[in-house]
Amino acid sequence: MPLRFLYNILINIAWVGLKVVALFNAKIKLFVKGRKNSFPILKEKIASNSKSIWVHVASLGEFEQGLPILERLRTKYPEHKLVLSFFSPSGYEVKKNTTVADVVVYLPMDSNSKVKRFLNLINPELAIFVKYEVWPNYLYHLKKRKIPTILVSAIFSKRQIYFKSYGRFMRKSLDTFSHFFVQDEKSKKLLESIGFNNATIGGDTRLDRVSEILKRNNQLDFMNRFKNNQLCLVAGSTWPEDEELLINHINNTKEKMKFVIAPHEIKPAHIEKITSALQKRTILYSEIGSQNLKEFDILVVDTIGLLTKIYSYANIAYVGGGFATGLHNTMEPAVFGIPIIIGPQFEGFKEAKDLVKEGGIIPISSQGSFNNLMSELLDNPVSIKNIGEINSNYINSNRGAANLIMQHISKII
């Protein structure tokens, strides 16, 4: 049985299965229900004679990587419709109203019929996939229609199926890409090992994205009032494992400093669990009002969308997810030139591995190692400055991926 035929059977079975799971799972319900709207949205917003460029991302992280390219495409090709597709609800539901694209939709399932309908509606002159997204039917039909297709900010490892003896079908899908922009030399060599010599080391477009953060107005009145010129640790995107460690340290430290906790989960029950465990003067962002913020030691951020600007007030950052769930974005605090503390699990995050090696990001594995590190940093303010400069220098020396990709695109369109 041809592998493509088997793949199509499995995709259709998976879609039926997802519809069943959606009856019991809220996230999968969004995944299924949202895809029912993709074709009506495309019909409404794209005329049959429109020229379009299609950018596909998996979720929020990949959106951040694709954003510098989307912004440049918007400026350089204003006559084209920009179509942005998401695979995951956690990306689409947050960014469905973004103005960086003309049309934002869930990516229809990778079945032959849906792929043909999708491509017929958007009729792209160029397709751009970000980082990991490889869908065999989409790639097959893009190649069949001779549509230039590039993969950007890609990173490959030997663990992936393309480099296994049984990975021929997925490996063949890579044939569609007219060019790969990879993040590192290792990825380029892995592609060459399976016969792909059309790769350029371009780095990570997120570094272009975070570099632009410094050009924005990052002032927040409430942070000026809360920090009050004191040392401040900002803990962003924290999970319970991170919060247990942070709360224990905050409750027991004798150091006079401010703490901000911006948890990944902001449901009231979770926020209550955090605040009830804290033994120092604590205020929620939602309760600030006209409070005298300098009187509080801890600010718990029970909203989303402010973390990047809050990092600009940090002397030290703690980025959550490194104990269990997957490390969150370390580049946003890094751009402000501050030391970053993370949990022990950072494999698969190239920028974190690079900066751990260089000394700008410091992993901890226990309560004791966190407490000791904080003491070392606070006892030596010069080390805080020097470690922070490692991070800002890394971003400055590695940006430029988006411009490199745009130079390539300008030769296609």
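Guide: Glu62 counts as buried because its relative accessibility is 15%. Buried means under 20% relative accessible area, exposed means over 50%, and partly exposed lies in between, with a 1.4 Å probe and protein chains only. UniProt, in an unreviewed entry, places the feature "active site" at Glu62. UniProt positions follow the numbering used here, feature names are shortened, and annotations may be inferred rather than shown by experiment.

A word on the model. It is predicted: local features need pLDDT of at least 70, side-chain atom pairs count only at pLDDT 80 or more, and totals for chains, interfaces and linings use all residues. Residues are numbered from 1 along each chain as its sequence is written, and side-chain values use heavy atoms, with hydrogens and water left out.

Now the surroundings. Glu62 sits in helix H4, residues 60–76. Helices (H or I, at least four residues) and strands (E, at least two) are DSSP runs, numbered from the N terminus. Set aside the neighbours within four places in sequence, and Glu62 is in contact with Val57, Val130 and Lys131. Contact means heavy atoms within 4.5 Å.

Strand S1 covers 52–57, and strand S4 covers 124–130. Both strands also meet helix H7: the buried residues of H7 pack against S1 and S4. They pack against helix H1 (3–21), helix H6 (112–122), strand S5 (149–154) and helix H8 (168–173) as well. Helix H7 spans residues 136–144. Its buried residues are Pro136, Asn137, Tyr138, Leu139, His141 and Leu142. After H7 comes Lys146, with a positive phi near 60°.

The domain assignment draws domain 1 at 25–203 and domain 2 at 215–391. Such bounds come from an automatic or database domain assignment. The C-alpha centres of the two domains lie 34 Å apart.

Last, the whole protein. It has 19 helices and 14 strands. Of its 413 residues, 53% count as buried. The C-alpha trace spans about 65 × 45 × 45 Å along its principal axes. Among contacts with a separation of 6 or more, 68% join residues 24 or more positions apart.
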